[in-house]
Amino acid sequence: MPTNKIITNSSQETKKAGMELAMAIKDGKTAAKYATVIAFEGDLGSGKTTFIQGLAAELGVKENVLSPTFVIQKDFSLSLENYKNFYHIDAYRLKNSEELLELGFSDLVKNPENIIVIEWADKIKNILPSNVININFENLGEDKRRLIINFKI
Ligand SMILES: Nc1ncnc2c1ncn2[C@@H]1O[C@H](COP(=O)(O)OP(=O)(O)OP(=O)(O)O)[C@@H](O)[C@H]1O
Ligand SMILES: [Mg+2]
């Protein structure tokens, strides 16, 4: 399983890392059968939403992407050739995976035109698809963050 480690020294650098992942996803020529799912783990304030802001901007999302906090799931539309919907999920307040399944998660994952990002994904690990991209955030103090990206080819 390929692993990528990145150190960022500002929120701007973390946004840029998000933009770079978006470019890689857009350029992907695979005939995907399922949604592209990115699972984020890491402490409060470690930079998950910041990364997602860069990713969403590069995918063409015009709205400001905020921490969903009081909503579990927020939907945005995309006008890319291969991707039409962007879902930002925050699992922080979920009690278990069942709650996300009740919101229709299984159908979201079946649609290859969907890009789904999930903060606090460790809470719903048992329902994540096997081809998920995992990103773990660690706060190294002040503005320094370590991002570890794991994915299957
Ligand atoms: N290198 C960095 N990368 C990302 N954010 C940084 C960095 N340095 C400082 N920050 C600051 O850390 C905070 C990160 O907040 P963010 O909302 O992205 O975290 P989060 O992981 O989504 O938190 P939560 O678990 O509460 O959703 C922001 O205030 C941001 O400006
Ligand atoms: Mg967040």
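1. Two residues are taken to be in contact if their C-beta atoms, placed from the backbone, lie within 7 Å. The model is predicted: local features need pLDDT of at least 70, side-chain atom pairs count only at pLDDT 80 or more, and totals for chains, interfaces and linings use all residues. Residues are numbered from 1 along each chain as its sequence is written, while chains are lettered from A and ligands numbered from 1 in the order in which they are written.

2. The protein chain has 4 helices and 7 strands (DSSP runs numbered from the N terminus; helices are H or I of at least four residues, strands E of at least two). From the N terminus the order is β-α-β-α-β-β-α-α-β-β-β. The C-alpha trace spans about 40 × 35 × 35 Å along its principal axes.

3. Helix H1 (residues 11-27) packs against helix H2 (residues 48-59) at about 45°, the axes being 7 Å apart (axes are lines fitted to C-alpha atoms, for helices over the stretch in contact, and angles run from 0 to 180 degrees between N-to-C directions). In H1, the residues that meet H2 include Thr14, Gly18 and Leu21; their counterparts in H2 include Phe51, Gly54 and Glu58. The residues of this contact comprise 10 nonpolar, 6 polar and 3 charged (Ala, Val, Leu, Ile, Met, Phe, Trp, Tyr, Cys and Pro count as nonpolar, Asp, Glu, Lys and Arg as charged, and the others, Gly among them, as polar).

4. Ligand 1 is surrounded by 19 residues, of which Thr14, Gly47, Lys48, Thr49 and Thr50 are the closest (C-beta atom, placed from the backbone, within 6 Å). H1 and H2 are the elements that give two or more residues to this shell. The shell divides into 2 nonpolar, 12 polar and 5 charged residues.
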